[in-house]
Protein chains: 2
Amino acid sequence: MKKQATSVLILYNKTRKAILIKNILIHPLKGVKKMDAMEAILSRRSVRKYNKKSLSDKDIKELLEAAMSAPSAGNQQPWHFILIDDPEILGKIPTFHKHAHMLRDASIAILVCGDLNLEKHKGMWVQDCSAATQNILLAVRAKGLGAVWLGIYPREERLEGMKNLTKIPENVIPFSLISIGDPAEKQGKVNRYDDSRIHHNTW
Amino acid sequence: MKKQATSVLILYNKTRKAILIKNILIHPLKGVKKMDAMEAILSRRSVRKYNKKSLSDKDIKELLEAAMSAPSAGNQQPWHFILIDDPEILGKIPTFHKHAHMLRDASIAILVCGDLNLEKHKGMWVQDCSAATQNILLAVRAKGLGAVWLGIYPREERLEGMKNLTKIPENVIPFSLISIGDPAEKQGKVNRYDDSRIHHNTW
């Protein structure tokens with residue numbers, strides 16, 4: 001990857017208005033950025049500090065499109081998404097979720113939920129909702145935003161807290177809460193590759 | 001997204017050797033392709049038909065780097081990966097997994113496993129392994145390869161089958177099997193966005 005980065009540092013389009021810097025394509029249309037998929041995957045980090053700034057409706061919609069493009073067992077798509085930007089609701093979540101303090105500065109949070117009534121392949125909804133959550137995190141990274149995955153399921157006190165706050169029906173399970181904002185801390189690659197975790201054909 | 005695609009159809013670098021076509025950056029170094037992250041997320045589809053072709057060691061390593069860059073609860077990284085390319089092993093899997101026939105034509109399969117001994121945050125390993133699985137699927141897409149996520153956990157017969165074939169120790173659970181190959185069918189965007197799944201602050 002390093003070899004490539006040096007050789008594609010800057011690309012110009014015909015009108016010299018779009019440039020590619022270190023795999024991030026800055027698009028001539030205002031505010032639109034692109035990022036190489038591998039770069040987004042390898043450089044996504046949990047971001048817990050944000051600048052006060054609201055997200056555009058377009059960005060929010062694209063995050064949800066990313067979520068709903070996730071694979072699911074038999075394409076069952078057993079998910080719902082609650083967009084939370086009410087400061088009162090965001091402020092209450094840390095009272096029952098000890099790792100959720102950053103929500104007080106978040107632009108928005110997305111609660112990914114699994115609907116058991118939509119599940120055709122029993123026991124698979126957790127995997128489906130995880131894939132949707134990961135897609136949102138990567139889309140956030142690609143947009144130059146920052147996010148962190150807060151686990152809700154299967155912690156009893158968090159499940160109860162989220163259900164009460166958001167008035168979710170009985171058949172729906174709050175799964176993960178994604179805190180999103182304009183990043184006030186850096187993301188970037190760290191090498192987590194570990195040869196000892198890889199096996200060939202048998203253990 | 002359509003608006004952008006038309007306006008960045010082709011970008012040239014200084015030496016006019018790298019071009020960007022419909023968000024796919026064809027790099028001057030032989031065989032290296034880049035894909036915009038949102039494009040990869042939105043256009044990834046399950047691919048079950050492959051051309052006979054083996055993957056390069058570099059590609060396989062990058063898929064594993066993508067997997068190990070996934071977020072996990074408290075950064076516990078509770079995963080192991082078994083690379084399966086032995087045709088005898090691949091050929092046996094469809095005897096206990098009815099959706100796994102494509103493995104006979106796959107270049108390689110990656111079995112993502114959860115190691116309960118590595119789990120610091122109980123009950124979270126399934127989510128961590130799902131995120132790693134989704135990262136592999138997206139990296140596959142970004143590389144122009146094709147893959148499908150075959151569920152193993154929590155189906156008893158599949159768990160037993162995979163454990164016996166790959167000689168996995170007791171504390172390790174075979175979670176998902178990713179069948180990968182050179183795609184002989186098309187991937188592309190389908191619109192799964194569904195407004196009825198979105199709620200604002202409360203249900």
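Two strands pair if DSSP finds at least two bridges between them. Helices (H or I, at least four residues) and strands (E, at least two) are DSSP runs, numbered from the N terminus. Strand 10 (residues 198-200) of chain A pairs with strand 6 (residues 79-84) of chain B, in the parallel sense, over 3 bridges. This is a predicted model: local features need pLDDT of at least 70, side-chain atom pairs count only at pLDDT 80 or more, and totals for chains, interfaces and linings use all residues. Residues are numbered from 1 along each chain as its sequence is written, and chains are lettered from A and ligands numbered from 1 in the order in which they are written.

**Chain contact**
- A:Ile198 sits opposite B:Phe81 of strand 6 in chain B.
- Chain A and chain B each put 68 residues into the contact (C-beta atoms, placed from the backbone, within 7 Å).
- On the chain B side, helix 5 (residues 125-142) gives the most, with 10 residues.
- That side of chain B holds 39 nonpolar, 19 polar and 10 charged residues.

**Cis peptide bonds**
- A:Tyr153 and A:Pro154 are joined by a cis peptide bond, omega about 5°.
- The bond from B:Tyr153 to B:Pro154 is cis, with omega near 0°.
- B:Pro154 lies in the loop between strand 8 (146-151) and helix 6 (156-166) of chain B.

**Positive phi in chain B**
- B:Asn75, not a glycine, has phi near 55°.
- B:Asn75 is in the loop between helix 3 (57-68) and strand 6.
- B:Lys167, also not a glycine, has a positive phi of about 60°.
- B:Lys167 is in the loop between helix 6 and strand 9 (172-183).

Methods:
Contact = placed C-beta atoms within 7 Å. Nonpolar A, V, L, I, M, F, W, Y, C, P; charged D, E, K, R; others polar.
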